[in-house]
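Here are a few exercises to work through with the model open beside you. Try each task before you read its solution.

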There are 2 protein chains.
Amino acid sequence: MTTTSRTKVTTCSVEYPADGLTMVGHLALPEGAGPRPAVLIGPEGPGLSDFQRRRADALAELGYVALVFDINGGRWFDDPAEMLAHVTPLLADPDRMRRIGHAALDVLRAEPRTDPDRIAAIGYGTGGAIALELGRDGVGLRGIGTVNALTTGRPGEAARIRCPVWAGVGSEDPIMPPVQREAFTAEMRAAGVDWRLVVYGGALHAFHHPTDGLTVLPGVGHHPVHARRAWRDVVGLLDEWVPVTE
Amino acid sequence: MTTTSRTKVTTCSVEYPADGLTMVGHLALPEGAGPRPAVLIGPEGPGLSDFQRRRADALAELGYVALVFDINGGRWFDDPAEMLAHVTPLLADPDRMRRIGHAALDVLRAEPRTDPDRIAAIGYGTGGAIALELGRDGVGLRGIGTVNALTTGRPGEAARIRCPVWAGVGSEDPIMPPVQREAFTAEMRAAGVDWRLVVYGGALHAFHHPTDGLTVLPGVGHHPVHARRAWRDVVGLLDEWVPVTE
């Protein structure tokens, strides 16, 4: 896992319709031919950024087909107020989240390099909430990993999750406070899900994301050390759930 | 990390005095010559078992000098009541735990293959509590990782911890219940320690340890899937804190 081979990665933008918008995802394909395990990557509320595009490229270097999906129709919300105006109703609407997730999953499944039996989802913030809703919709994923996305679903629906769930959160995150951690783990426990929770001590909300040049909400802050650890954790999860064997 | 090279490992028992007893540790040395990063491994309350000896051997295969220390003078307590009679007063006496830890650390440091500037400690149950007490005593370790050992120390002493701390626990562990998780993380937060907590959903106390043929306390139970994950987590921590570069 610590060895990154610098293989040749092919990337492209993918447009597809969802949520009444034209979404613009980022697809990264690993070197070689034939099917590979695949990763659906959910972005933060502001939208798909170069940060997440690089994540996809890094996973493709490790041998995965990786798609960062879009939630905002190709837009990046600089203004936190504008972002919240878009994201808050979305997070309150599991069916809408699922449609956005399914549209992205269809794109990933349609890619010839994707092995449809080996797909995992990881997501950050809003994109993590969407990944969890795919699980609560009973989608056959190999695992769901979220960072900064401890959202709970409609009562009872977590019992439809058919794969391991992993969640990471900052201990000082005021947007995902301890009461939300408790609600999330209570939901997972009640549903009999195979779950894990990692609390990164001292980290704020969205600690995984650099904030240089960005206007951020109170309670948001980058924690470079834990950000590296969370990425390493995610890479380890994928190696557990959808190992690259080719 | 998923690749284990089958290198030649040298092992031996090491006797040393501590706590009024003759302790019998297990030392595993990696192939090659010259100093290597080293790992102090703390065993569970019943004592040093083949399970932990194999952990040391596995770490030596990865390139570490590894010492499983002893807390019971070479004994393994089959009987949980006898084990508790020995361990309960020990866990209530930080100075005694520290003396046991220091004696083991001295053995590890005296090994010519050990690089004294690259020592990490991992511990399970009682052995984890001892590893934490070494931290609270200000010992210069590169990291402390514990599984099933969320013990808190004397007020204020956690501020002397000079390295990252990682702790893993089962969500259903009645011996380390949520209130103890809260106390531990509150101690780490107040002390400004670089900490992480992993909660393994559905796991009981000592979930990392096979229980075949053992008499175990109520609340103890093996969870093979999380056990593999926790071991993988520990190996990853060591790669972060004391990477093998030779």
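Let's start with a strand pair: β7(B) and strand β8 (residues 195-200) of chain B run parallel and are joined by six bridges. Before going on, some ground rules: this is a predicted model, where local features need pLDDT of at least 70, side-chain atom pairs count only at pLDDT 80 or more, and totals for chains, interfaces and linings use all residues. Residues are numbered from 1 along each chain as its sequence is written, chains are lettered from A and ligands numbered from 1 in the order in which they are written, and side-chain values use heavy atoms, with hydrogens and water left out.

**Exercise 1. Neighbours of a strand**

Solution: 
- Step 1. Now look towards β6(B), which runs parallel to β7(B) and is joined to it by four bridges. Here B:T146 stands opposite B:A167.
- Step 2. Check the cover. Six of the six residues of β7(B) are buried (under 20% relative accessible area; exposed is over 50%, partly exposed in between, with a 1.4 Å probe and protein chains only). B:V165, B:A167 and B:V169 point one way, while B:W166, B:G168 and B:G170 point the other way.

**Exercise 2. A strand in chain A**

Task: Which residues does A:I41 face in β5(A) and in β4(A)?

Solution: 
- Step 1. Find strand β3 (residues 36-42) of chain A, in which seven of seven residues are buried.
- Step 2. Follow the pairing with strand β5 (residues 114-124) of chain A, which is parallel and has six bridges. In β5(A), A:I122 is opposite A:I41.
- Step 3. Then turn to strand β4 (residues 65-68) of chain A, also parallel to β3(A), with four bridges. There A:I41 has A:V68 as its bridge partner.

**Exercise 3. Two crossing helices**

Task: At roughly what angle do the axes of α3 and α4 of chain A cross, and what kinds of residues make the contact?

Solution: 
- Step 1. Take helix α3 (residues 94-110) and helix α4 (residues 126-136) of chain A: their axes come within 8 Å and cross at roughly 95 degrees. Axes here are lines fitted to C-alpha atoms, for helices over the stretch in contact, with angles from 0 to 180 degrees between N-to-C directions.
- Step 2. Classify the angle: α3(A) is roughly perpendicular to α4(A). That label covers 65 to 115 degrees, with under 35 roughly parallel, over 145 roughly antiparallel and the rest oblique.
- Step 3. List who touches (contact means heavy atoms within 4.5 Å). From α3(A) come A:P94, A:M97, A:R98, A:I100, A:G101 and A:H102, and from α4(A) come A:A129, A:I130, A:E133, A:L134 and A:R136.
- Step 4. Sort them: six are nonpolar, two polar and three charged. Ala, Val, Leu, Ile, Met, Phe, Trp, Tyr, Cys and Pro count as nonpolar, Asp, Glu, Lys and Arg as charged, and the others, Gly among them, as polar.

**Exercise 4. Buried or exposed?**

Task: Is A:V193 buried or exposed, and what about B:K8?

Solution: 
- Step 1. A:V193 sits in the loop between α5 (178-191) and β8 (195-200) of chain A. With a relative accessible area of 9%, A:V193 is buried.
- Step 2. Beyond four places in sequence, A:V193 touches A:A158, A:I161, A:C163, A:V165 and A:M188. A:I161 is 32 residues away in sequence, yet the C-alpha atoms are 6.8 Å apart.
- Step 3. B:K8 lies in the segment before β1 (10-18) of chain B. At 63% relative accessible area, B:K8 is exposed.
- Step 4. Leaving out neighbours within four places, B:K8 contacts B:L29, B:P30 and B:E31.

**Exercise 5. Positive phi**

Task: Where does B:N148 lie, and what is its phi?

Solution: 
- Step 1. B:N148 is in the loop between β6 (144-147) and β7 (165-170) of chain B.
- Step 2. Its phi is near 60 degrees, a positive value in a residue other than glycine.
- Step 3. B:N148 has 1% relative accessibility, so it counts as buried.

Notes. Two strands pair if DSSP finds at least two bridges between them.
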